Every structure is written in C-alpha cells, then in structure tokens.
Amino acid sequence: MALADTRPPVAVPVADGVHWIGALDPGLRQFDIILRTANGTSYNAYCVRGRDGVAVIDTVKENYADTFFARLESVARYDEIRAIVLNHLEPDHSGALPELMARAPQATLHISARAQATLKGVLRGEEELSRVRITTGEQASVSLGDRQLAFLQTPYLHWPDTQCTWLPDACLLFSGDVFGCHFCDARLFNDRVGDFRFSFDYYYQHIMRPFREHVLNALELIEPLAPALIAPAHGPILREAPCDYVRRYRQLAAPLLHNEAATSEKTLLVFYVSAYGATERMAQALRDGAETVEGVRVSLYDLAGGEVAPFVDLIEEADGLVFGSPTVNGDAVKPVWDLLSSLTLVNVKGKLGAAFGSYGWSGEAVGLIEDRLRGLKLRVPAAGPRARLKPTDEELRACRDFGRDLSLHLTGRIEKRIIDMAALG
Amino acid sequence: MPKANVTFEDIGITVTVPAGTRLIEVSEKVGAGILYGCREGECGTCMTRIVQGAANLAEPSVLEDRVLKDNLAGRDIRLACQAQVLGGEIVVRPA
C-alpha cells in the first residue's frame, strides 16, 4: 500500500550536498492515460550545492509546485541558484519551471538541443529564452565551483529532448525518466520502500520499449560510469546496487524471443481474421506465394485464436507484417484494431506492411489498415487484394502473386516500377 | 513541359511527373509512406529525406527553412508539401 506523505515539505538528503526536493502523488491511479499506477507516483527533483552556487535538477507537476518550492527553500535561497537543469520537458517535470525561472532570474537553464522547440510551449518570455544553454559542445557541463555537472545526450528516452545529468564527484546520475517508475513511497530510497520491481519493469515496457535502440545507445554511455547512485525523475532513488537496475535495462532491451531464422533470412508475419473462411483462404494463398521466394520465413496466425501481447512480441522482431480483415459495417474488425493499436509499444518504423481481405458490400477494411500502417511509419509498397465474398481462383492467384511480391520487396529483389503520373489520374 | 523522375525508395516506385509538382502530390497518389498534416508548410509532419537529386528541387522558401530549422532537420531534409520538382532524377524516402 502506498504511504501518504504526512511529513512537512522539507528537502531530504540524498548525497553530500545533494537533496531531494520533489513531490509525492500517492493517489494517482492513471498516468498519461496509458499507464496504471496502483501505487501512485512521485515527481522527483533535486538540489545540488557547490562552492559557488546551487543547481536545481528538474521540477514537478504544476499542482505540486508549492511543495517543491517549500522543499527547495529549506536548503537554498533563490539568489544562490546558478543553474536549472531540465532533463526532460514533459509537464510532470516542467510544471514549476516558469515560476522557478521568475524566482531565480540570474539562473541559466540547461536543456538539450532537441528540447528547444518544446520549451517554447513551456516558457513564453523572450528574456527567459535568452537564459537557455544547450547542453552540447562547450556547454556540455556546468560548474558550481568545486563540482561539475556533466550532460549525457540520451535522446528518445522517451522523448526527443531527454538527457541525463552526471555529478562525477558523487558518482551520481540524475537519469530523468530512465530507470524511473511510477511507485510512490515516502521512504524514497530503494532499500527502504516496498517491493517496486513490477513497477520498474512495467514502466520500461510501456515507456522505454518503443525506443529500444536508443536505450541500447544510452546504456553504452551509462554503463562505463558505474553510478554509485541513480536519482530518477519518478519512483525510488536507487542507492542500493544501482548497477543492478542498469543491468536490468540491458536485459529488458534484449529481444524477447530468439528467432530461429538465419540472420540472412527475412521474416513475414501474416495475421488474419475470417468470418466465413474467405479471408482465411486469401491468407493461405498469400502465404503460399510468399513462401516461393527463398530467404523469407513466412508465418500465418488467426487473430481470433490469440492474445495481443505475444503477437506484439513477434512483430517487434519481424521484417514484414500483413493483416487480413473482412469489412464489417465499413470497417476492419476489432481484433485487427486491437493489435494495430498496441504497436505503439514497439518500434515498427520502416518494416514492410500490407493488408488484404474479403468483403460483402463495400470493402473499406484494406484501405483503412493500409492507412494505419503508413501512420505507424511502415512502408506499404502496394494496395492489397480484396475479394467480394468467396474469392475466385483468379483472386486467389492475385493473393499468391501479392504474397510473392511482398517477399521480393523484403529481399530487395522486386523489379522497380516506373509509372507516369498522368496514368495515376 | 519539362519532366522529372521521382523515386520513392520505401515502395520501390519511380514516377514521371511534370516540373512544378510538389512531392506530396506524387507521394499521396502512389501510396508512399510520407505522412502529412497541414500541407501548408507549418507542421513539419511531411519531412522527407532527399537521398539523391536535391539540386533538382526548387530552393526552400523562408517559411520552409524556418520549419526545418525549428525541427533540427539535417541538410538532406525537405518538406514534401513544399518541395517542387524542377526536372532530372530525384530519390526520396520518409525521414
């Protein structure tokens, strides 16, 4: 059970000259619409004191600003603040930023280059924007006199703007959303709070997984640092065996299933739903055609008999995806949309995509699925075959040809087509 | 009227088009994977990588330049809703 925050809002020591000045939100049960939060969450912010001044790292959600400022005031004066660091500009971290900039008008703001566009939606004043320092090149670190903060560029974890901040003398990583989780416990530290391991994994799967390649890039930067303490923007501060959590990210970023196909082999997954067997016959014909091309492993799945999650795992590793759906009341059927709407959990950009299906009246499903696939940034090389009710032999032949062409696309052996725009109408 | 060949790498199709055509007009017709939003050069959704033949496109307008800069786009990126073909060979793919 989440513990209510009953303490007065004062800062909590984290390391030498470093305090937690965040806020607890134990009653939250849903975060950003997509995440369930049985234990609420915390908005972690930190204050770092050096000989020549103070740095504030991240802020909190706007409606927790009073708590944040009270904790900050318990360890620092506003005129001591030299640097404000925003590792990520989403509103749960930038909510108190405009007010903090106003209270500390001498402070510079340190953000990644990618954060600049977002910042214009957070700060509106030209004067405030003139205090921005981009955390690359000569500005990749900031001095507090006897200690430095260094910035690690870790984009897409989980927004384009994300960065981490490293305090070398304390071996402390302010990691932003990386290594974070939605788990609120006033005891703050991972060796004191309740068991939050499920929240840690759940957070990775829903927030970081779509950016797996970027996670691996970030780990290349973080692992050599071997942090002695990790201070994330949500959830427990990791002071007991923090590198175990770094290793857990490495495990979570590994492919979930080993693919037995040879590394040179491409994989094509054909998913279908069929009411009367017509779309199923089209699926089988497409599969048969796709299998005629060497170097492609083709798999066929009836969506009506499976759960979404394992299919998402398969899709994450696949090279090509094909969806077959009948048209019901002008739309593709729900099992297809259920799967397609779950693909934001993984990276599908650049995979091959296609659709096909049987219909009774109008047959919109194929086009709607193709549009969705393009929206997910798959490449959709050709309009898929459709058949009214029972597919004829000729229509099944067209499905086989379509399957073969998809395999040829996958293997880069498709004959290039040249057409005149005038012929497109 | 001068013609140009625009190749969409993601779908393996080359289209012969009249000079003056904007990339998005062709992309939309052949179903290439270039997404678009406003179609007025403001939202940046249709950012497209010019793999080859950048000189065969009209120079970007001040507006397009600003949107590309705001989005930290590389030098080989154009907005498909703004970029007009002049002639020759152009190869593109979604950014």
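Select A:Phe179, which sits in the loop of chain A between strand 15 (172-176) and helix 6 (197-208). Helices (H or I, at least four residues) and strands (E, at least two) are DSSP runs, numbered from the N terminus. The model is predicted: local features need pLDDT of at least 70, side-chain atom pairs count only at pLDDT 80 or more, and totals for chains, interfaces and linings use all residues. Residues are numbered from 1 along each chain as its sequence is written, chains are lettered from A in the order in which they are written, and side-chain values use heavy atoms, with hydrogens and water left out.

Stay on A:Phe179 and look at its backbone: phi is near 65°, a positive value in a residue other than glycine. Most residues other than glycine have a negative phi, and most peptide bonds are trans. Is A:Phe179 buried or exposed? A:Phe179 counts as buried because its relative accessibility is 1%; buried means under 20% relative accessible area, exposed over 50%, and partly exposed in between (1.4 Å probe, protein chains only).

Next, select B:Leu72, in the loop of chain B between helix 2 (62-70) and strand 4 (77-79). Phi of B:Leu72 is also positive, near 55°. With 38% relative accessibility, B:Leu72 counts as partly exposed.

Go back to chain A and select A:Leu157 with A:His158. A cis peptide bond joins these two residues, with omega about 15°. A:His158 belongs to the loop between strand 13 (148-153) and strand 14 (163-167) of chain A.

Now colour chain A by domain: domain 1 covers 12-252 and domain 2 covers 266-410. These bounds come from an automatic or database domain assignment. The centres of the two domains, taken over C-alpha atoms, are 42 Å apart. Their contact (heavy atoms within 4.5 Å) takes 5 residues from domain 1 of chain A and 8 residues from domain 2 of chain A.

Between the two domains about 560 Å² is buried, and carbon and sulfur atoms give 37% of that area. Buried area is the accessible area (1.4 Å probe) that two parts lose on being put together, summed over both.

Finally, select A:Arg209 together with A:Asp313. Their side chains meet in a salt bridge (2.8 Å, N to O); the term means a side-chain nitrogen of Lys or Arg within 4 Å of a carboxyl oxygen of Asp or Glu. The count between the two domains of chain A is 4 salt bridges.
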